[in-house]
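Subject: Structure handover

Hello,

Here is the structure for you to look over. My notes on what turned up follow below it.

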Amino acid sequence: MSDVISSDEAAALKEKIDNKIAYDPDLSPLERQALETLVDQGIDKLSTSTVHYELDKKIAAPWNLIFGAQYQFNKHWQLRCELGTFGKRSQFMLNLNWRFQ
């Protein structure tokens with residue numbers, strides 16, 4: 001997790017949480033102490049933790065049928081349109097381009 005959160009960021013996060021805990025009027029001293037201990041342990045583990053995960057990625061539909069057209073009105077203005085649809089996927093794109101010299 002050190003790639004995600006640096007030790008400086010972890011320290012800043014801990015300080016923000018400690019400040020919120022210190023100024024919360026609804027917490028009893030015992031609750032405050034318990035939260036401080038949890039935060040200290042959690043921040044320490046956060047900066048040294050490793051996340052293991054797997055990703056089962058597959059294409060929902062291997063093909064997508066696209067229809068498109070492009071029209072240039074003059075040397076400055078151009079309109080382009082695309083429509084794609086197949087299976088569960090659909091898309092629409094409309095571009096209006098202006099070219100300067």
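Start at Phe73, which sits in the loop between strand S1 (65-72) and S2. Please keep in mind that this is a predicted model. Phe73 is partly exposed, at 48% relative accessibility. Leaving aside residues up to four places away in sequence, Phe73 touches Gln78 and Leu79. Gly84 is another matter: 11 residues separate Phe73 from Gly84 in sequence, and their C-alpha atoms are 24 Å apart.

Next, Gln78. This residue belongs to strand S2, which covers residues 77-86. Gln78 has a relative accessible area of 6%, so it counts as buried, the cut-off being under 20%. What lies around Gln78, beyond residues up to four places away in sequence? The contacts are these:

- Gln70, Tyr71, Gln72 and Phe73
- Asn95, Leu96, Asn97 and Arg99

With Arg99 there is also a polar contact, side chain to side chain, at 3.1 Å.

Now the charged pair. The salt-bridge count comes to 1. It joins Glu82 and Arg80, with 2.8 Å between the closest N and O atoms. Arg80 is partly exposed, at 33%.

Then the whole chain. The protein has 2 helices and 3 strands. Read from the N terminus, the order is α-α-β-β-β. The radius of gyration is 27 Å, well over the 13 Å that the globule rule gives for 101 residues, so the protein is more spread out than a compact globule. Along the principal axes, the C-alpha atoms fill a box of roughly 75 × 40 × 30 Å.

A few totals to finish:

- Of the 101 residues, 11% are buried.
- Take the contacts between residues at least 6 apart in sequence: 24% of them join residues at least 24 apart.
- The accessible surface is about 9,100 Å². Carbon and sulfur atoms account for 57% of that surface.

When you open the model, I would look at Gln78 and its polar contact with Arg99, then at the salt bridge between Glu82 and Arg80.

Best wishes

Key: Residues are numbered from 1 along each chain as its sequence is written. This is a predicted model: local features need pLDDT of at least 70, side-chain atom pairs count only at pLDDT 80 or more; totals for chains, interfaces and linings use all residues. Side-chain values use heavy atoms; hydrogens and water are left out. Helices (H or I, at least four residues) and strands (E, at least two) are DSSP runs, numbered from the N terminus. Buried means under 20% relative accessible area, exposed over 50%, partly exposed in between (1.4 Å probe, protein chains only). A polar contact is a pair of N or O atoms within 3.5 Å; within protein, one must be able to donate a hydrogen and the other to accept it, and residues adjacent in sequence count only if both atoms are side-chain atoms. Contact means heavy atoms within 4.5 Å. A salt bridge is a side-chain nitrogen of Lys or Arg within 4 Å of a carboxyl oxygen of Asp or Glu. The radius of gyration is taken over C-alpha atoms; the globule rule is 2.2 Å times the number of residues to the power 0.38. Accessible areas come from the Shrake-Rupley method with a 1.4 Å probe; for residues, only the protein chains shown count as cover.
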